[in-house]
Amino acid sequence: MAKTEQEKMVTGELFDVYDAELVAQRDAARQQVEAFNALGESDPEESERLIRKLFGATGDSVSVHPTFRCDYGYNIYVDDDFFANYDCVMLDVGPIHIGKHCLLGPKVQIYSVNHPVEPELRRNGAMGIGKPVTLGDDVWVGGGAIICPGVTLGNNVIVGAGSVVTKSFGDNVVVAGNPARVVKQLK
């Protein structure tokens, strides 16, 4: 039996981004995100309820400030004590897993989608490739940082504000720059 475009998407295979089922799922997620963003900060309990409904899984104590943007929502998995500051974007074509006690500064962007390197496959604009992003426990991503597709960050990693993280890093480091590199080892 042939895989659906959604199955291809979440397993990192080339998929059609304009597949009718995926378009409908993105539209449904956008409606949920718009409802969340429309609340502003007027009703924290309802905001949390909407985020828990949108995300694939959440732990205890989940706080996301508006505005927030994502593609599907169901590919975002956050553990206990998660905080995302204002204006975060998570393009969750591939799974995004975020560990315990993680903080995202304002305007952090996490991308788990890529496109083919072959120009003939990009020309129609309809092909994507999901590449999972994983953040370990106790990760702090500074404001305006970008986490690129396929990146894994270990436990106790700090990403400097404005950094562009293009590759994976292990535990107990501070990374910064464009592209990000280790600037300090932590204990």
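The entries below run from the whole chain to single residues.

Entry 1, overall form. I worked from a predicted model. I looked up the secondary structure and noted four helices and 19 strands. For 187 residues, a compact globule would have a radius of gyration near 16 Å, and I found 16 Å for the protein, which agrees. The C-alpha trace spans about 50 × 40 × 25 Å along its principal axes.

I then looked up the charges: the mean positions of the 17 positive and 25 negative ones lie 8 Å apart.

Among contacts with a separation of 6 or more, 28% come from residues 24 or more positions apart.

How many aromatic pairs does the protein hold? I counted two, taking ring centres within 6.5 Å as the cut-off. Phe55 lies in the loop between helix 3 (44-54) and strand 2 (62-64), and Phe68 in strand 3 (residues 68-70), so the pair ties together parts that are 13 residues apart in sequence. Phe55 is buried at a relative accessible area of 4%, and Phe68 is buried at 1%.

Tyr72 and Tyr74 also form a tilted pair, with 5.4 Å from centre to centre and 45° between the planes. Here I found Tyr72 buried, with a relative accessible area of 3%, whereas Tyr74 is partly exposed, with 24%.

Definitions and conventions: Residues are numbered from 1 along each chain as its sequence is written. This is a predicted model: local features need pLDDT of at least 70, side-chain atom pairs count only at pLDDT 80 or more; totals for chains, interfaces and linings use all residues. Side-chain values use heavy atoms; hydrogens and water are left out. Rings of Phe, Tyr and Trp (its six-membered ring) pair if their centres lie within 6.5 Å; planes under 30 degrees apart count as stacked, over 60 as edge-to-face and the rest as tilted. Helices (H or I, at least four residues) and strands (E, at least two) are DSSP runs, numbered from the N terminus. Buried means under 20% relative accessible area, exposed over 50%, partly exposed in between (1.4 Å probe, protein chains only). The radius of gyration is taken over C-alpha atoms; the globule rule is 2.2 Å times the number of residues to the power 0.38. Contact means heavy atoms within 4.5 Å. Lys and Arg count as positive and Asp and Glu as negative; His and the chain ends are not counted. The place of a charge is taken as NZ of Lys, CZ of Arg, CG of Asp or CD of Glu.
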